[in-house]
Amino acid sequence: MREHLGGLKGKKFCFLGDGRNNMANSLMVGCGKMGIDLVIIAPRELWPDPALVEECRGYAAQAGSVILFSESTDAVSDADVIYTDVWASMGEEAKAAEREALLRPYQVNAELMKKTGKESTIFMHCLPAIKGKEVTEEVFESAQSVVFDEAENRMHTIKAVMVATLGDYQPMPEEIVRGGLPEGFDPFARPEKFEEFSDPEIIEPFAAAEDDENASCD
């Protein structure tokens with residue numbers, strides 16, 4: 001969004017589709033915390049859990065944004081972002097026909113994009129998409145579609161989350177950054193017997209398995 005719209009706060013973000021799925025829930029949390037006005041457009045029976053809605057509206061109140069719901073696609077008026085996802089999430093394939101019947105009026109197509117009243121509106125999708133279902137090929141392949149930029153940026157976000165959750169991550173020493181790796185240094189060498197860990201409940205089973213593997217090789 002920053003890349004294509006220049007910012008986040010105050011933008012209008014519309015999600016169309018199954019408002020109970022993981023993407024809709026994540027967008028409520030993220031938009032609420034980032035000050036983005038979110039509108040979930042879906043049949044009432046596919047609206048999110050009220051408890052989560054209340055929690056996310058608390059985030060939105062602090063950030064100065066709103067979280068709204070509508071059954072009408074007219075709610076996309078003035079939207080900066082149109083977002084959708086597959087109609088049947090993983091594990092719900094048996095309900096695909098039922099979901100399609102419910103969500104067909106919420107397909108993202110050229111007519112719906114025109115309802116925003118803005119040529120600058122962008123289309124987003126977490127991918128993979130099922131063209132002809134939640135989005136038409138015309139919109140997916142249009143100049144307004146930024147789905148592949150979105151996918152690329154997500155890769156870097158995932159890397160950042162991995163680094164942040166390593167726990168004991170330490171930046172590489174400055175002398176190595178500037179002067180290169182010491183002679184004989186092997187970045188792929190395994191530490192001896194998992195000595196970098198400290199929890200015996202985790203270490204011992206793996207160490208025992210490694211000993212068994214070495215013994216069988218001998």
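Modeller: Let's begin with a term: contact means heavy atoms within 4.5 Å. Keep in mind that this is a predicted model.

Biologist: Thanks! With that in hand, which residues is Phe13 in contact with, leaving aside its neighbours within four places in sequence?

Modeller: Phe13 touches Met1, Leu27, Cys31, Ile36, Asp37, Leu38, Val39, Val81, Tyr83 and Met124. Phe13 also belongs to the largest nonpolar core, where Phe13, Met28, Ile82 and Phe123 are the residues with the most contacts inside that core.

Biologist: How many residues does the largest nonpolar core have, and which helix gives the largest share?

Modeller: The core has 47 residues. Its largest share, five residues, comes from helix H2, which spans residues 22-34.

Biologist: Now the backbone, please. What should I expect of phi and of peptide bonds?

Modeller: Most residues other than glycine have a negative phi, and most peptide bonds are trans.

Biologist: Which two residues does a cis peptide bond join here?

Modeller: Leu127 and Pro128, with omega about 0°. Look for Pro128 in the loop between strand S5 (122-125) and helix H6 (137-140). Leu127 lies in that loop between S5 and H6 too, and has a positive phi of about 65° although it is not a glycine.

Biologist: And what is the phi of Asp78, and where does Asp78 lie?

Modeller: Its phi is near 70°, a positive value in a residue other than glycine. Asp78 sits in the loop between strand S3 (67-70) and strand S4 (81-84).

Biologist: How do I describe the exposure of Asp78 and Leu127?

Modeller: Asp78 is partly exposed, with a relative accessible area of 45%. Leu127 is partly exposed as well, at 23%.

How values were computed:
Residues are numbered from 1 along each chain as its sequence is written. This is a predicted model: local features need pLDDT of at least 70, side-chain atom pairs count only at pLDDT 80 or more; totals for chains, interfaces and linings use all residues. Side-chain values use heavy atoms; hydrogens and water are left out. A nonpolar core is a set of buried Ala, Val, Leu, Ile, Met, Phe, Trp, Tyr and Cys residues joined through side-chain atoms within 4.5 Å. Buried means under 20% relative accessible area, exposed over 50%, partly exposed in between (1.4 Å probe, protein chains only). Helices (H or I, at least four residues) and strands (E, at least two) are DSSP runs, numbered from the N terminus.
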